[in-house]
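Student: I have a new structure to look at. Can you take me through it?

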Amino acid sequence: QGPAMCLEGNCFCLEGSVFQNGKCQEPGGVVSPGGPTEAKEVSSTSGEMLTTTEEPEDEEEEEVDPDCGIPKAGSDCFKKVKWAMSDGIYANPSWYPGVTPQSPFTMFQDSLYRSGEGGCPRPCSGGLPPDPLHYPTSVLTRKMRGIKPPKHPFEYNGIEWPKMTIRGTNTHVFAVGDWGGLAGTLPHNSQIIQYKGGQTMGPHTMGRYRTNAKTHDLSCTTPEMADCFGTNGTDCPARCGWLKDVDVPAQHLVADQMIKRAKANNPDYLLNVGDNFYWGGIFGKCGETPMSKVNDVTRAQFNWIYENVYKGPGLDGKPWLSVLGNHDWGGREMDAAWDQQIAYTWVSKRWVLPAPYWMQTVDYVDQGFTVEILMIDSNIEDADEDTSANPEHNICGKLHNPPGSSCAKIGGPSSIESCHDWFQKLWDEGATWATEKLQKSEADWQIMVT
């Protein structure tokens, strides 16, 4: 597999595609470009997307966990399950909640899966009672709004998502950004933890440096602020301005106001300007999970930080038109599982992020006007060419990117040395696309989201 983008005059396509007429094409004629995809090129995008009360339902498919299974005899997981059944449950029963000495092999296996021990997969059946909030299953992506899941995260760059039709005479739109806290301990013992107490289910507010409101001088460092959270304020300089009742539940405080206002005003959709998951986006690495699947860790992070926070009358089912922020790419790395945020579009009824740059047309039929919303990636601003510069905020920095970091197999940056140029190209392509769309636009309003 190779990148589905052009670099220094050479263009490459992913395995199974061929480069013809300036674009990647699959056998059979389906277009898979690294650049813009017009809605007319994807015949399934011709339908309209209505408001929540009128929106046609996508076909429901039974969720099947593609990662479940029984461990092979002799494997590390198999040995740990057998030991748990013969010794562990008697010596340390608290290690196996919900399990008794009489429980079957599959329940012990599920217990080890949930604790992240032994590399055990989830059993396909016969495990512990389902707990979809804390331990969601992996799930296969499926056709959404008539559009097939992409084979790589840039296949739908420039796509015109199916038109949204809004009826009625009241117009309300919410906008939000920099909202997603730290997750804590995710499935498989995956951890996004900054301070003591942050190991529980998130969201947890990230402790970040603060500056003086008048002089803009640094008043509190990031380690100091993390200590404020980790010690519950007992080891926290007054100059940090930390307030337990404000800072600890920060994301929920904002969400509560959104929920309150949504119930009263019923927004049509939400504009999400990115930085969806702090500190460094979705846990995992780019290309680690194919676009045909959203893994259990990603689903848990979405559940805890998004689905379980922003819900209720007026928010349920409303589209979140989204872009990636610098923290979603990795913050101070380039290789987070940002592709999983794109894939999540094809398992969610409201998350819409089909590509790094794309557009949504909204037709307010009863009010007689249209809106074109252009979603564009501007993270070149945090992709410094000097890999030593701004180490705590440089996507392309060498201090925090692991040696050999690469997202080339899914079309992303191939190295920290080429990272800046890659983001520059992404911006140039998106800006050219947006300029052309604006020049041709016949909508009454245009909105840029970045």
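Student: Is N189 buried or exposed, or something in between?

Tutor: N189 is partly exposed, with a relative accessible area of 42%. Buried means under 20% relative accessible area, exposed means over 50%, and partly exposed is in between (1.4 Å probe, protein chains only). This is a predicted model: local features need pLDDT of at least 70, side-chain atom pairs count only at pLDDT 80 or more, and totals for chains, interfaces and linings use all residues. Residues are numbered from 1 along each chain as its sequence is written, and side-chain values use heavy atoms, with hydrogens and water left out.

Student: What is the phi of N189?

Tutor: Positive, about 60 degrees, although N189 is not a glycine. D178 is not a glycine either and has a positive phi of about 50 degrees. D178 is partly exposed, at 48% relative accessible area.

Student: New topic. Which residues touch the most other members of the largest nonpolar core?

Tutor: Among them are W179, Y310 and W320, in a core of 81 residues. A nonpolar core is a set of buried Ala, Val, Leu, Ile, Met, Phe, Trp, Tyr and Cys residues joined through side-chain atoms within 4.5 Å.

Student: Where is there a second core?

Tutor: A separate core of 13 residues includes C77, I89, L112 and L128.

Student: And which residues does a cis peptide bond join?

Tutor: One joins G202 and P203, with omega about 15 degrees. Another joins Y278 and W279, with omega about -5 degrees.
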